[in-house]
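Subject: Handover of a structure and notes on its features

Dear colleague,

Please find below the structure that I am passing on to you. I would be grateful if you could read the notes after it with the structure open.

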Amino acid sequence: MLAQATRVDEIMTKDIVCIDPSLDVDECMAIVTQKRIRHLPVMEGNRLVGMLSIGDLVKHISREQEIHIRYLTDYISGKYPG
């Protein structure tokens, strides 16, 4: 017996959380954490201009933290220009 195929509209999320491109990374991270979602469509008016994933956010935050650590390490070791 063949299993009946499930249609996408039966399992898809119907209440989509969309964001404006002007939000900052911290605001987006708060939304995905609070709503427990992995993707945020980015809208300008009625037009989809991008898709932001939790992976994109984590990668950006991680990169920023690496830069801060490098600056602090340089400052502590006396390499900081100033």
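This is a predicted model: local features need pLDDT of at least 70, side-chain atom pairs count only at pLDDT 80 or more; totals for chains, interfaces and linings use all residues.

Residues are numbered from 1 along each chain as its sequence is written, and side-chain values use heavy atoms, with hydrogens and water left out.

Helix α2

Helix α2 covers residues 25–35; helices here are DSSP runs of H or I with at least four residues, strands are runs of E with at least two, and both are numbered from the N terminus. Cys28, Met29, Ile31 and Val32 of α2 are buried, where buried means under 20% relative accessible area, exposed over 50%, and partly exposed in between (1.4 Å probe, protein chains only).

Surface patches

A patch of negative charge on the surface brings together Asp24, Asp26, Glu27 and Glu64. Patches are made of residues with over 30% relative accessible area and no salt bridge, with like charges joined within 9 Å and nonpolar side chains (Val, Leu, Ile, Met, Phe, Trp, Tyr) within 5 Å. Asp and Glu count as negative and Lys and Arg as positive, whereas His and the chain ends are not counted. The place of a charge is taken as NZ of Lys, CZ of Arg, CG of Asp or CD of Glu. Glu27 lies in α2 and has a relative accessibility of 38%, so it counts as partly exposed.

A nonpolar patch on the surface is formed by Leu72, Tyr75 and Ile76, which together have about 400 Å² of accessible area (Shrake-Rupley method, 1.4 Å probe; for residues, only the protein chains shown count as cover). Ile76 belongs to helix α3, residues 54–77, and is exposed because its relative accessible area is 72%.

Salt bridges

How many salt bridges does a search of the whole structure find? The search gives 2, a salt bridge being a side-chain nitrogen of Lys or Arg within 4 Å of a carboxyl oxygen of Asp or Glu. One joins Asp9 to Arg7, with the closest N and O atoms 2.3 Å apart; Asp9 is partly exposed, at 33% relative accessible area. Arg47 and Glu44 also meet through their side chains, at 3.7 Å from N to O. Arg47 counts as exposed at 53% relative accessibility, while Glu44 is partly exposed at 43%.

Loops

Arg36 is in the loop between α2 and β1 (39–44), and its phi is near 55°, a positive value in a residue other than glycine. Most residues other than glycine have a negative phi. With 77% relative accessibility, Arg36 counts as exposed.

The loop between α1 (8–11) and α2 contains Leu23, which is partly exposed at 30% relative accessibility. The C-alpha atoms of Leu23 and Val42 are separated by 9.7 Å, and the two residues are 19 residues apart along the chain. Met12 is found in the loop between α1 and α2 and is partly exposed, at 43%. From Met12 to Ile37 there are 25 residues in sequence and 13 Å in space, C-alpha to C-alpha.

With kind regards
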